[in-house]
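Here is a friendly briefing to read with the model open beside you. Please take a look at the fold, then go through the topics below.

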Amino acid sequence: MKASQTLNRQQLGKNILVKIAVTAMFCAIAIVLMYLIRIPFPVLPFLVYDPADIPIIICTFLFGPAAGLINTVIVSIIQMLTASSDGLYGGLMHVIATGTYVLTAGLIYKYRHTLKGAIAALCFGTLAWTVVMIFANLIITPLFMGTPTQAVAQLLIPAIIPFNLLKAGINSIIAFILYKSISTVVKRILK
């Protein structure tokens, strides 16, 4: 009995270490993607598409919403300190946007761990991101940028809403395409 308990503890310890390592790897990939691919949105060039959320949502689907949120915060802090020209404002907005996305999608996928569940999770995650960013932009942007709320409200339909739908939507589609093959490799490692 003691030998099997020791083996189970060793396996559990190994799985935890592997999960931490894989989570850190997804975080590193997100940071690299953030540096390599940065495409300004034509309507408002300070809105920039990057694919950093793809590894974050894949990590979320593999290990749950908490892992995705941890990745989000780490990537946002590194982005805020290095790649972002808008500092704390950009980091905060990234945590709000991606945090909403991974929590919504991650919780749905956790309880509906099927193909349809993944599609629903990514769709609702994209919509939640977009809706939350409407309010975040109306409240936080005037505070940090000194822009009147009315001016921000005028940018919602031509720029802010389409940008958030596109960024989250593109990242969702790519993550959906990549997830199955990546999850198969990670599951083999965890055996």
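How many aromatic pairs does the count come to? The count comes to 6 aromatic pairs, where rings of Phe, Tyr and Trp (its six-membered ring) pair if their centres lie within 6.5 Å, and planes under 30 degrees apart count as stacked, over 60 as edge-to-face and the rest as tilted. Please keep in mind that this is a predicted model, in which local features need pLDDT of at least 70 and side-chain atom pairs count only at pLDDT 80 or more, while totals for chains, interfaces and linings use all residues. Residues are numbered from 1 along each chain as its sequence is written, and side-chain values use heavy atoms, with hydrogens and water left out.

**Aromatic pairs**

- Phe-41 and Phe-163 make an edge-to-face pair, with 5.5 Å from centre to centre and 65 degrees between the planes.
- This pair links distant parts of the chain, 122 residues apart: Phe-41 sits in the loop between β1 (39-40) and β2 (48-49), and Phe-163 in helix α6 (residues 149-190). Helices (H or I, at least four residues) and strands (E, at least two) are DSSP runs, numbered from the N terminus.
- Phe-41 and Phe-163 are both buried; buried means under 20% relative accessible area, exposed over 50%, and partly exposed in between (1.4 Å probe, protein chains only).
- Tyr-89 and Phe-144 form a tilted pair, because their ring centres are 5.7 Å apart and their planes stand at 40 degrees.
- Tyr-89 belongs to helix α4 (residues 87-111) and Phe-144 to helix α5 (residues 115-145), so the pair ties together parts that are 55 residues apart in sequence.
- Tyr-89 counts as buried because its relative accessibility is 7%, whereas Phe-144, at 39%, counts as partly exposed.
- One aromatic cluster is formed by Phe-61, Tyr-109 and Tyr-179.

**Overall fold**

- The protein chain has 6 helices and 2 strands, and along the sequence they follow the pattern α-β-β-α-α-α-α-α.
- Along the principal axes, the C-alpha atoms fill a box of roughly 70 × 35 × 25 Å.
- Of the 191 residues in the protein chain, 45% count as buried.
- Among contacts (heavy atoms within 4.5 Å) between residues at least 6 apart in sequence, 71% join residues at least 24 apart.
- The accessible surface comes to about 10,300 Å², of which 75% belongs to carbon and sulfur atoms; accessible areas come from the Shrake-Rupley method with a 1.4 Å probe, and for residues only the protein chains shown count as cover.

**Nonpolar cores**

- The largest nonpolar core has 37 residues, and those with the most contacts inside it are Ile-57, Ile-58, Phe-61 and Val-75. Such a core is a set of buried Ala, Val, Leu, Ile, Met, Phe, Trp, Tyr and Cys residues joined through side-chain atoms within 4.5 Å.
- Two or more residues of this core come from each of α1 (2-36), α2, α3 (65-83), α4, α5 and α6.
- Leaving aside neighbours within four places in sequence, Val-75 is in contact with Cys-27, Ala-30, Ile-31, Met-34, Ile-56 and His-94.
- Another core, of 5 residues, lies apart from the largest one, and Phe-41, Leu-44, Leu-47 and Phe-163 are among its members.

- Helix α2 (residues 53-63) is mostly covered, with 10 of its 11 residues buried; among them are Ile-56, Ile-57, Cys-59 and Phe-61.
- Just after α2, Gly-64 has a positive phi of about 105 degrees.
- Ala-67 lies in helix α3 and is buried, with a relative accessible area of 12%.
- Leaving aside neighbours within four places in sequence, Ala-67 is in contact with Thr-23 and Cys-59.
- Ala-67 and Ile-57 are 10 residues apart in sequence and 9.4 Å apart in space, C-alpha to C-alpha.

**Cysteines**

- A search of the whole structure finds 0 disulfides, a disulfide being a pair of cysteine sulfur atoms within 2.5 Å.
- Cys-27 is in no disulfide, and the nearest cysteine sulfur, that of Cys-59, is 8.5 Å away.
- Cys-27 is buried, with a relative accessible area of 7%, and Cys-59 is buried too, at 0%.

**An exposed isoleucine**

- Ile-173 lies in helix α6 and counts as exposed because its relative accessible area is 54%.
- Ile-173 and Ile-74 are 99 residues apart in sequence and 23 Å apart in space, C-alpha to C-alpha.
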